[in-house]
Amino acid sequence: MKFTIGLAALAVGMMIAASPAGAADKKVLGVSIPAATHGWAGGLNWHAQQAKIELEKKYPDLTIALVTAGDATRQANDLEDLVQVRKIDALVILPFESAPLTEPVRQVKNAGKWVTIVDRGLTDPSIQDLYVAGNNPQMGTNSADFMVKKLGGKGNIVILRGIPTVIDNQRFDAFMDVVKKTDIKVLDSKYANWNRDDGFKVMQDFLARFPKIDAVWAQDDDITLGVIEAVKQAGRDKDMWILGGAGMKEMIKRVMDKDTLVPADVLYPPKMIADAMELTAKHLMEGAKLEKQYIIDATLVTPDNAKQYYYPDSSF
Amino acid sequence: MLAGVGIAKSFGPVQVLFGVDFAVDAGEVHALVGENGAGKSTLMKILAGYQPASSGTILVNGTPVSLRNSEVAERHGIVMIHQEFNLAETMTVAENIFLGREIIRRCLIDRPAMRQASARVLAELECSVDPDARISDLSVSEKQMVEIAKAVSRDVRVLIMDEPTAVLTGAETEVLFRLIRRLTTQGVGVVYISHKLNEVKAISDRVTVLRDGRLIVTEATGAVTPDDIARLMVGRDMSDMYPQQHRPSDNAPVVLTVEGVSVPGWVEGASFDLRRGEILGFAGLIGAGRTELMEGVVGLRSRSAGRVTAGGAKSIRSYDEAIAAGIAYLTEDRKKRGLLVDKPLTPNLTLLALPRYGRIFIDLAAEREAMDKAIDAFEIKASDIEMKVSSLSGGNQQKLLLAKIMQVEPKILIVDEPTRGIDVGTKHQIYLFLDEFARAGGSVIVISSEMPELIGLAHRVVVMREGRVTGALTGGDIDETNIVRYATGLSGVGADA
Amino acid sequence: MPEPSHAAHRASSARRRADLKAFGPFIALAALIVLGAVVNPVFLTPGNLINVLTRTAFTGIIAIGGTFIITTGGIDLSVGSLAAFASGIMIIVMNALTPQGLPPFLVVLLGTLAVMALSVFSGLVNGLLITRGRIEPFIVTLGTMGIFRSLVTYAANGGTLSLNTQIRGYYRPVYYGDILGITYPILVFAVVAAIGAIVLYRTRFGRYVTATGANEEVARYSAIHVDRIKLAAYGLQGLCVGLAVFLYVPRLGSASATTGLGWELEAIAAVIIGGTLMKGGSARIWGTVAGAIILALIDNILNLTGAISVYLNSAIQGCIIIIAVLVQRDAKSRP
């Protein structure tokens, strides 16, 4: 696997100090992530699996215990098992929700384990040894900047939001901060729950309601898929274009192929879990010194750079 | 100690008790006997505060009291043990004994104290049940002991027991009798309701006979024989209620043969046969296994042994096969098993015979026509054909159920308590119908707990007791005394006497 | 004697209440249409109405099957997950067949047959566990709900199964195509509802389904094979799910772990809003149709207005559902 992509900061920040002292010990790395209940989380699982295989090959003394949970409570239970039963040395966790998991993760930390937090920060950042995350506000800002530029600062847009969460609010607020200052009119915004069918439904109704839409901010590629179908069905695919987000392979492909309906995509890669695992493993096995946090850029993917972000084998 | 004077009770227009006097003294066992529906349970429920009397006075130690509910009665020391026990199955013995008056210490239930107190009461009753045992794990007789312990722990002065031995074995009955005797030496008055006349003879000091809601006699038990009691329980003239009997010929062909049928838990090796044109009565006490035998015969209950043949060589195993062989069964429980009470009349009428109204699609016109015919033939009175069955009177429901069964044009009709809970007029109609059916070459089996009904209708009566056929009566031998003797074990197979 | 006339009067007024009850869902539907028209004139345009009805078709068809299940006194929570699983299998089958050089018609036909077989089989498994296994329907279908959902996630490797674009182009009109402006899913929904009504009200099977739910003992004492009736109802539900999947797959050409999420609740809600009793024994097919449309209209109307905060969407839905049922229950609360 390539670990360079989108992680320029990582490469710079990583200072590899050779310390073979710990290398002889058997180490266990615990990884706790949400179950694959939607596309992005599916990609997360795929990347975590891939990283597990790669890293265990690279470090024969490293075992990676990967667990997935369907909700926050189960994830907290998983943490206890990882510490008590699997005897982990370090934990990489993408918390389901910030608040409910803060205390359980603190317990892990108090047990003397290394803690890497991915994507969703805990309410008390002092717990984490390492924080790896995508940049939600930046995703909103970058999306807005692209829209403003492509629309020439004016036009009608609609927004399909995700699930009411902090992540969604961060993206939406940052987007609105930029758009407010222009002549772009946001006709309406509705939740589409990061779901294709809901994206289809909401877009159908938007199309019925608004005769003139210039662009759609779907902010997630699953939603985008539904939106595309609704727009095509209405025969208005020449009138508007859609900006999604996350970096789903189908969308990257469309960008690569210069699809006018999907001119660009904004990254929020599920691959961040693999990066976090690799960094933590490096620290664990080689004693690498790490920065406190790595924020992965919400890179704008255009036909020019799309090729770099295309993983045809990924499930996402 | 406890006395009811001139107790009368009506349910709506139906009067079930007519000015009955009844008293129980301290230290005596007073037996109360009578046929089903004679009003024994109603009388006792009134005396134990479960139902108000329509008129009459209740005296406790000579003072008139108002027993508004069972708690008030309990405060007067009057406790009734029902046939269906009143125990919380998932709780322990101690918890049940103290249910509703738990021993509380510092806001919490004092379990050790309750356990000790329960153990003391149970020991007094020579009962070895563990206070911590769960009720659901106890045998029926043990449950009964717990009920009695519960009553005793509440400082009982009058204990009313409704058919306490119906579910007990002989040995368990002995234990119960010892217990009753000990209670009476402590000055407790016991009312003992039972159908088992030899038990009544053995345990009671006085016996009161009720019939049709009226007091017939109160007598010292020593002065009467069980046969006397049986005669007093029955003995009324209902001759014009029943159609003139015809006799089927003795060599009429056998249409149904039942050999050695056993239904697990209910019936043991029952055999009988039924002739063309015959009305065969089945008598016995509640729980004797008559319903279960017949449900076993028609395949509604699984049998562990036995053969049932009707014309063909093959034994009937399912209700489908029974119907195909021309047998139909009218259940005793018309509301739970007979009719869809929330549905209109027509779908009820045709439900059993629906295959006759089309293979896949239902011929709605034929259904309507059948409904009209049934309304005429059975004189079903419904203000609106679309009304729910639940708004019909009991008698009209029963006629509808009978019409439903007749839809499959059976040759053999098995009717279980066909006149339960219906008015006299409808009863008469049903008797006439059954008689005509038999005259026309059909055969009928009637299960009834009303002996006059069997005597008035049946050509032959089979009597069952505790899951076995104990005897068969024909012709002039069919009378209530004989039936009661077989049903209560005074005569026949396995007679106690 | 005033008795009989009084009784007759009582009976007929009870009947009038029953009639009102039967019309309840249609009154609620009419009220909602008026509301929609007031909120946004776009609501009444044929384009919008066709869109909404087409979207209703999946849960509507599933709810027709659900009406049978609930009428027997059962419940099926597994339909949404089964729809997702069946969609996934259909896509896998068709993707596998496409490179074989079969004509597209045959590919879609075989995919459809596979889906129908799988769905009916799954319904029958539910039915067998309930009748033979003697397990509560709620528990059985809660279990299979999890199983089907897991299987589709597994089949999609946590991601999304996408239909081969070539076959998709051929298959797409099944969802998007129309006859005289009425899309195929609407037509299928209407036909399924009509067949459902005929089966339920006019056939022996329908009568037996109702009798079984009204009182299982009475049904048994009426020589009805209660277990077979229940089994058939669950098989029928499977068939309806299969049909819904057949219409659903061409819409987005994909299936994932989120496909059909919550369809079971929508279907059950449609059945109950329609006036079918949760405890069984009383079915209203056309009420179910109205119920399904009501649910879809609520979504649509909320999307057509900016007046209500999106944060309150679910609250509005909840209120309308409860009111729609309340309209019918008024007669029931009285003894």
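In this predicted model, 27 residues of chain C are in contact with 27 residues of chain A. Of the 2 pairs of chains in contact, it is A and C that share the most contacts. Chains A and B, by comparison, have no contact joining them, and their closest C-alpha atoms lie 32 Å apart. The points below start at the A–C contact and then visit chain A and chain B.

**Where chain C touches chain A**

- On the chain C side, α2 (46-71), α11 (226-252), β4 (254-256) and α13 (285-303) each supply at least two residues.
- Helix α2(C) gives the most to this side, with 4 residues.
- Sorted by class, the side of chain C that touches chain A has 16 polar, 8 nonpolar and 3 charged residues.

**A helix pair across the two chains**

- Helix α7 of chain A (residues 196-209) packs with α2(C) at an angle of about 170°, and their axes are 10 Å apart.
- Angles over 145 degrees count as roughly antiparallel, so α7(A) and α2(C) are roughly antiparallel to each other.
- From α7(A), the residues making this contact are A:Lys201, A:Gln204 and A:Ala208, while α2(C) brings C:Gly47, C:Asn48, C:Asn51 and C:Arg55.
- By class, the contact of these two helices has 4 polar, 2 charged and 1 nonpolar residues.

**Inside chain A**

- Just after α9(A) comes A:Lys258, with a positive phi of about 60°.
- Strand β5(A), residues 130-134, runs parallel to β11(A) and is joined to it by 4 bridges.
- Opposite A:Tyr294 of β11(A) stands A:Val132.

**The sheet of chain B**

- In chain B, 6 strands form an open sheet with mixed pairing, in the order β17-β18-β19-β15-β20-β21.
- The edges are β17(B), residues 327-330, and β21(B), residues 468-474, each of which pairs on one side only.
- On average, neighbouring strands of this sheet are turned by 20° against each other, direction ignored.
- Strands β15(B), residues 279-284, and β19(B), residues 443-447, run parallel and are joined by 4 bridges.
- For B:Phe282, the bridge partner in β19(B) is B:Ile447.
- Helix α17(B), residues 480-488, packs on the sheet, where it touches β15, β20 (460-465) and β21 of chain B.
- The direction of α17(B) makes about 30° with that of β20(B).

**A covered helix in chain B**

- Helix α5(B), residues 140-153, has 14 residues and reaches 20 Å from its first C-alpha to its last, close to the 20 Å expected at 1.5 Å a residue.
- Is α5(B) mostly covered or uncovered? Mostly covered, as 10 of its 14 residues are buried.
- The buried residues of α5(B) include B:Ser141, B:Gln144 and B:Met145, and also B:Val146, B:Glu147, B:Ile148, B:Ala149, B:Lys150, B:Ala151 and B:Val152.
- After α5(B) comes B:Asp155, whose phi is positive, near 60°.

Notes:
Residues numbered from 1 in each chain as written. Chains lettered and ligands numbered in written order. Predicted model: local features only at pLDDT ≥ 70, side-chain atom pairs only at ≥ 80, totals over all residues. Contact = placed C-beta atoms within 7 Å. Expected span 1.5 Å × (residues − 1). Buried ≥ 20, exposed ≤ 12 C-beta atoms within 10 Å, placed from the backbone. Nonpolar A, V, L, I, M, F, W, Y, C, P; charged D, E, K, R; others polar. Axes fitted to C-alpha atoms, helices over the stretch in contact; angles between N-to-C directions. Parallel < 35°, antiparallel > 145°, perpendicular 65-115°, else oblique. Pairing = 2+ DSSP bridges.
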